[in-house]
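I opened my notebook to go through this structure one stop at a time. Here is what I looked up.

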Amino acid sequence: MPHKHLLILGGTGEAAELARRAYQVFGTDLKITVSYAGVTGHQPDLPCVVRVGGFGGEDGLAHFIEHEKIDLLIDATHPFAHQISLHAFKAAEKCKCQALIYNRPAWNAEKSDQWIMVKSLQGAVQKVQDLGLKCFLTIGIKELAAFETVKNVPLVVRLINEPDHPLKLENYELVLSRPPYDLAQERTLLEEHHIEVIVSKNSGGAQTFAKIEAARHKRIPVIMIERPVLQDLAVLENLDEVLDWIKGQLVAPLFTPEPLVN
Ligand code: NAP
């Protein structure tokens, strides 16, 4: 049976796990390619083809899909990587490629949590300015530029890698470390830096949840940025369901045979 080609858009632990499980379950029935943006310079070892770097927008991705004869596309990028998800949806539609989004579930607030929900990064910037409290920012380097307008508020910024240039923030301390984090570590960090409020994306998942738990224990408010929504693609949050979807696509015929003419 000719195999189908699955493209996984990666950059998350979920994408890597999906690639490993799909390889175990489908073996040579499925060719798998995982794509990384190449932002962190760190890609896991995977039992499949790995490519690194942007495609060159929606058209570049559509060209890749056609050139590599991609049949199935799973967008398993971070829930806040909205640009690539938009490109994935449009390119898949253009190339008539079956596609879905595989996202980890969002975090939910408990009764004792003091979450201040905002719909956008700009909303978070405004809240930080209005509150004027010492703020822990764990949102990634790309989004920090939005906080350059914040005045008279001390910021503690956590990044994975040392930035190439000093950040253009008025008043900040830098903390460098790579997830995952545990509760004890996060409590210590909040105490040592006298953090009064946290800004977080609602990323979901276990790797960075400890800061939310630490805030809960210490009764520190969290300005929580809600996820961007992509209305037009199906979203699955469970790996087994994603594998079932792939299985369903593998048994579907590769082409619709023409009816025989007598
Ligand atoms: P983004 O804004 O949605 O995408 C920006 C550009 O990066 C895209 O237009 C695309 O370039 C390229 N790109 C992104 N993901 C790619 C992939 N898997 N393979 C090939 N090219 C990709 O994304 P982002 O927020 O900068 O995130 C970049 C990567 O980091 C993502 O893969 C994401 O999963 C991961 N990540 C993001 C966050 C976050 O908070 N945003 C957190 C953890 C990990 P072209 O237009 O040239 O194709």
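**Entry 1: Ser203 and its partner**

I began with a side-chain pair: Ser203 and His78 are joined by a polar contact of 3.2 Å between their side chains. I noted that the model is a predicted one. Next I looked for the place of Ser203 in the chain. Ser203 sits in the loop that runs between strand S10 (197-201) and helix H6 (210-218). Is Ser203 buried or exposed? I found a relative accessible area of 8% for Ser203, so it counts as buried, the cut-off being under 20%.

**Entry 2: the whole chain**

I stepped back to see the chain. I counted seven helices and 12 strands in its secondary structure. Its C-alpha atoms fill a box of roughly 80 × 35 × 30 Å along the principal axes. The chain has 262 residues, and 45% of them are buried.

**Entry 3: the ligand**

Then I turned to the ligand. How many residues surround the ligand? I got 23, and the closest are Ser35, Phe55, Ile84, Lys142 and Lys201.

I looked up the polar atoms around the ligand. Lys201 places a polar side-chain atom 2.6 Å from a ligand oxygen. Phe55 uses its backbone instead: an N or O atom there lies 2.7 Å from an oxygen atom of the ligand. Gly57 also has a polar backbone atom, 3.0 Å from a ligand oxygen. On its own the ligand has 810 Å² of accessible area, and the protein covers 77% of that.

Which elements give two or more residues to the shell around the ligand? They are strand S2 (30-36) and helix H3 (82-95). H3 gives the largest share, four residues. I sorted the shell by class as well: 12 residues are polar, eight nonpolar and three charged.

**Entry 4: the second largest pocket**

I moved on to the second largest pocket. It holds about 210 Å³ of space. I listed 15 lining residues. Nearest the centre of this pocket are Ile101, Asn103, Pro228, Val229 and Leu230. By class, its lining has seven nonpolar residues, five polar and three charged.

**Entry 5: Ile70**

I picked out Ile70 in the loop between helix H2 (57-67) and strand S4 (72-75). Its relative accessibility is 7%, so I wrote Ile70 down as buried. I also looked up a distance to Thr33. Ile70 and Thr33 are 37 residues apart along the chain, and 9.1 Å separates their C-alpha atoms.

**Entry 6: backbone exceptions**

Last, I looked at backbone angles. I reminded myself that most residues other than glycine have a negative phi, and that most peptide bonds are trans.

Where is a cis peptide bond? I found one joining Pro179 and Pro180, with omega about 10°. Pro180 lies in the loop between strand S9 (172-176) and helix H5 (183-192).

Lys96 has a positive phi, near 55°, and is not a glycine. I located Lys96 in the loop between H3 and strand S5 (98-102). With a relative accessible area of 72%, Lys96 is exposed.

Arg219 is not a glycine either, and its phi is positive at about 55°. I placed Arg219 in the loop between H6 and strand S11 (222-225). Its relative accessible area is 57%, so Arg219 counts as exposed, where the cut-off is over 50%.

Conventions. Residues are numbered from 1 along each chain as its sequence is written. This is a predicted model: local features need pLDDT of at least 70, side-chain atom pairs count only at pLDDT 80 or more; totals for chains, interfaces and linings use all residues. Side-chain values use heavy atoms; hydrogens and water are left out. A residue is near a molecule or strand if one of its heavy atoms lies within 4 Å of it. A polar contact is a pair of N or O atoms within 3.5 Å; within protein, one must be able to donate a hydrogen and the other to accept it, and residues adjacent in sequence count only if both atoms are side-chain atoms. Accessible areas come from the Shrake-Rupley method with a 1.4 Å probe; for residues, only the protein chains shown count as cover. Ala, Val, Leu, Ile, Met, Phe, Trp, Tyr, Cys and Pro count as nonpolar, Asp, Glu, Lys and Arg as charged, and the others, Gly among them, as polar. On a 1 Å grid over the protein atoms alone, a cavity is a set of points where a 1.4 Å probe fits but cannot get out, and a pocket is an open set with protein on both sides within 12 Å along at least five of seven lines; lining residues have an atom within 4 Å of a point. Grid points are joined across faces, edges and corners, and a volume is the space filled by probe spheres set on the points. Buried means under 20% relative accessible area, exposed over 50%, partly exposed in between (1.4 Å probe, protein chains only).
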